[in-house]
Amino acid sequence: MSVLTSPRGKVEVVHCRRTESQDIYCIKNLIRKFTQKLFGRLNIIYLLEKANLAVTLCNDKEEIMAQATFVDYPNWNVSSQDNWVSVFRELDPEIPCMPLNTLFMHLFVAVDEYSVGCCREIIRAVFKAVPELHFIFLIVPSYMSLGSTLITVFEQVGNIPSLMYDEDFAVHICCRENHYPQLHIRNARVEDHDDLMPIFLRHDTILKETYGEYFLAELIEAQDEENHAVVCEVEGVAVGFMSVCSRVNMQLLHECFDLGPFHGLCVPHPDDVLQPPPELSTKGSEDAKLSSSSHSFLKIAEEPQEQVIPETKESIQGEVIEEAPAEEMSSTVRSGNASELEDKNFCIISLPHLTPEFVLIQNFVKIVPFNNCTLEQDLYVFHRAGLLKSIKIRLASLSDTPGVENLVSTLMLNKSILEDLKQYNEAHRDPDGTPLKAFVAEVAEQIVGIAVIRDEMDIEYIRSHYNIEDFIYFSHHQREEHGHLYHFALNPIFRHYTKFFLKEILRLSYKSCLYYPVYPQSREDKFQSSYAHSLTSALHCLVPVRPRRQIVYPLEKLGINAPSKAVSKDALGYALNHTNRKLTLEPKITVNAKIVVVGASSVGISFLETLVFCSHLKFSNLTLISTHGLPGKRLLGTEQRKFLASDHCFNDKDYALMSLCSWVNVVVGRMTAIDRVAKHVVVSKEEIVLYDHLILCTGQQYQVPCPTGADISQHLTNREIPSSGKQRYTDQVPGNHFTLNDEEDCCKALRWIRNNPIVTEGNVIVYGNTIDTYTTVETLLNLGVRGGYIHLVQPPPTSTITCINNYSVERAVEDALRAAGVAIYRDALLAQWNDGQFPDPIHSACFTTPTKPFRLPCSMFFSFCEKNVDYETFKALNDACLVYDGRLVIDTNFHTNDIAIRAAGSLTKFSNKYYSNEWTHSSFNSKEIGFQLAAAMLNLFDPTLEPVTEPPADLDRLIPMYKGAKIQGGILPGSYHYLHIAKPAIPTPLEVQMAQPNFGSEIVTGNAKNGTYFRIHIDKYKMVETITCLSKEPFPVSNYIRLFGQHEQLLNNLCARYEDKLIPDLYSYFMEPWCMALFHDRFIDLRKELRQILTSKEEEDLPSIEQLAHQIEDEEINLKEKPRKYLKRVFQETIYKGLVEKSILDYLQYNHYHLPMYAWPGII
């Protein structure tokens, strides 16, 4: 923060921030006639959309004091945006302006009284925010003076003519050295000790405690040929310090880190072996594929050597910089230190991984560790060639081909890159006419980068399927300004220029947006050639874009009113990444904390999804430990029946649209131990995964049932079998026994069925009483297994509530089972396999019942007994001394008894101190639980969030209640498509619920047995609380999920129409065009906007509608008419009716590409 004083002595405390869309109104109010004469008549929204940097200056009351906008090309059409460098070099050859170090001011406004101070503060903030920036140009008509404000920071350097008008324009310049100068670098002296020690102690006291009070003076005195120390100073005071040493433990670095991208920090030699041993694998590196090409540039800074020797290098031992001028110092230190160590080529630094990324380290390349690396520090590397500022981005030419070939020789799809380069050089467009452009990055006449873009031809699909409008105002971008990034490769030495490369691509190609898709890998783990894009090392500079939930349209019924094919087509799903002009100078906050998630459950995936899609944060150490890796491998075709029911949190397409594999390291295995002291997880009893924050989301799984051992020859009943509790099965699991918990297990069972004669002969036993037993039986029938060979054996129920909890549905399913010939056995306990003999494989199974036992032949046994925590997981938790009471105990903030370990999902239960044992995370929507878990974690990492306030003492004992619907669905016997959506609640039999006085009402159409059953439960507040569907035909599940929680009047007065017998079939009712808006993903935003209108005081003399409702409720108003009629009359007679109508019409018009079936004024 800074303090500004006006000429009249008034004082304002101000701070700078990035300009936001809500600033536009205030910016317009600050524009004067003089401003328009200087900068022209501007569309502020358009200008901010195309600006590279926009800065707002606010006071401590968040009132806007000033604003400035900067773009990387001139205004007033004095030159084309792709060719301004030559024009400005001619003005003054001694000004080394280039795209890397230059911006143009396109607008400046300020409060008149503080304008001079505001201008200086903004200029200083801009130079601080962009360390590479050295010049800011201001272009105004030659007949205009700059006025009393801008003249204080700009000076004229010449005039240039306009390209469009017969008029000259004056060019003014503002140089860094006058506002935020580079610092002086010199060798450290012992006298600097007193200046530097306060800075050291402010950051860390460990060095002082370890080496004594005068460790810094001793370090400075110890300088020799191998040890150097430098300081940067301001007005004779040392404000920054760096110590470097040329002794480096190369063996340790090679054992722990993948140094291939930098040729192992060695001088290149033809006989070098660059591949690491096969047992050493990395966690995923964007630059690793450029390893052999990166060293080709080293000759810029080297002399040829005759033999392979380690590269000369320096290691930074200690580095500390005063906080305020850190950005400028970091830039200065890099160049200054390099001049001190002219014979060195590499500078490396290792830091504790929790150290926030300061500006200096952002110019280094973080080296990817091997999986077996247990060092608690991260390694960063910088090559001296990275100091070169002569990097130039230009359109590729035919002569660049050999350099590009050398650069991409080790990349996957390098042939595709070279083919696109050849196509560009030959025709500048694809055979289908799509414009194509190729750009190269050049340093010292060598090609160090290549990028290929095309015009984005599918922008309607992108807009309708992805939340791109989270980042841009779509209407302010022309169709031709959207580009599609196909290839991007940059030498790792120059990785810190990635954003500059992207910025130049946008400027030179006249684009404002770039899109980069990541397609899912095929089952063979190879890229699908027709969709292939090369892996891009620029992914860390792009932002992932959230996919949008789509309406399932009844296209035949809508006819010509259906959306265009560009919107409604079913294209191959992909994860979309994006950048635009506004983001090119927008920094991301890097979070290096090691966040390890155990379990790929819906909770864990939702948690990772939430973190990954935080566009302003970059989580560099996300790890998932899962038995089968990431889900969504499409192992089973979409047309196949699913063995397991679905909670409809995620499906295969959702996984493809997220592409978590781009951001998350995946460790395939099972957690077998947790070392809380060393903070690591043991995977499969071998691998060690370090963590700072451990997230346990393993959930519960079906377990192998333990036979009671009862001898059925003695005709025992269930009552006569001694209760031995829930014993764990410890013998060998039979090869034809299957417990299905995920798609991998289902795929394994499917392969077994296809490789064995189950379809034609052999009995299948399905044991359990969960909904998965029904979906599995239906899958077996669909695969061709005859119903007479399927035995559905249900153990004694543990609750009075059935898995479906709807008598009509249950009766229809049981009738279908009998019709298919499936035998049903109730209250049966598993007694023995193979009559107590060796159980592998299972040939028969014996069961006891309340009456008489029975024996069934068996070729395949499916077990769906009650879910429980996996034993290995339990043992790991128990051995780690985490509090376990039937489930892992947590508090309301997901904490276990270890502050570094959180847990969520069905694995957990709330602590007994809350007195709510009947409520667990199993009662709620898993996706919402994962989101709330991530929100709790983000408070630790996201500085933009408000600090969390501790709840009052009396509220600290309340568990959180989540509102998302609990969903289950699947295909049941009889080919019934089943869906149940309900409010989170303690399970209660349906008959008991309906007997409650506050139950509300239910709307039922159709018949369960005929497959036309549709039931909606409306609560006492007229809100949709439960939906149950049973249909012979598939139905749009995602549409029906959106009905949950809506008021019945929003559903076109559902209750009144049903009472008037106007709704014979709810399936048809919700396919009518009027209800499409209800299913739209932004309908909830419309509801919030309308509520805000009704709760705000729009007229001075009248209270808001909400206030009126409260006054009526509190009997502060004496009414002569019914309250509802009174409120309706006030609504219609005041401004509210017009505001609500305008909001609805704006919503329909803005989303017309999704909702063309609605009419609004002006289209008829």
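Start by selecting Phe 894, which sits in the loop between strand 42 (888-890) and strand 43 (901-903). Helices (H or I, at least four residues) and strands (E, at least two) are DSSP runs, numbered from the N terminus. This is a predicted model, where local features need pLDDT of at least 70, side-chain atom pairs count only at pLDDT 80 or more, and totals for chains, interfaces and linings use all residues. Residues are numbered from 1 along each chain as its sequence is written, and side-chain values use heavy atoms, leaving out hydrogens and water.

Stay on Phe 894: is this residue buried or exposed? Its relative accessibility is 3%, so Phe 894 counts as buried (buried is under 20% relative accessible area, exposed over 50%, partly exposed in between, with a 1.4 Å probe and protein chains only). Now look at the backbone, where phi of Phe 894 is near 75 degrees, a positive value in a residue other than glycine. Most residues other than glycine have a negative phi, and most peptide bonds are trans.

Next, select Tyr 915, in the loop between strand 44 (908-910) and helix 25 (926-941). Phi of Tyr 915 is also positive, near 55 degrees. With 73% relative accessibility, Tyr 915 counts as exposed.

Now go to Pro 841, in the loop between strand 37 (829-833) and strand 38 (844-848). Asp 840 is joined to Pro 841 by a cis peptide bond, with omega about 0 degrees.

Finish at Ser 86 in helix 4 (residues 85-91). Ser 86 counts as partly exposed because its relative accessibility is 34%.
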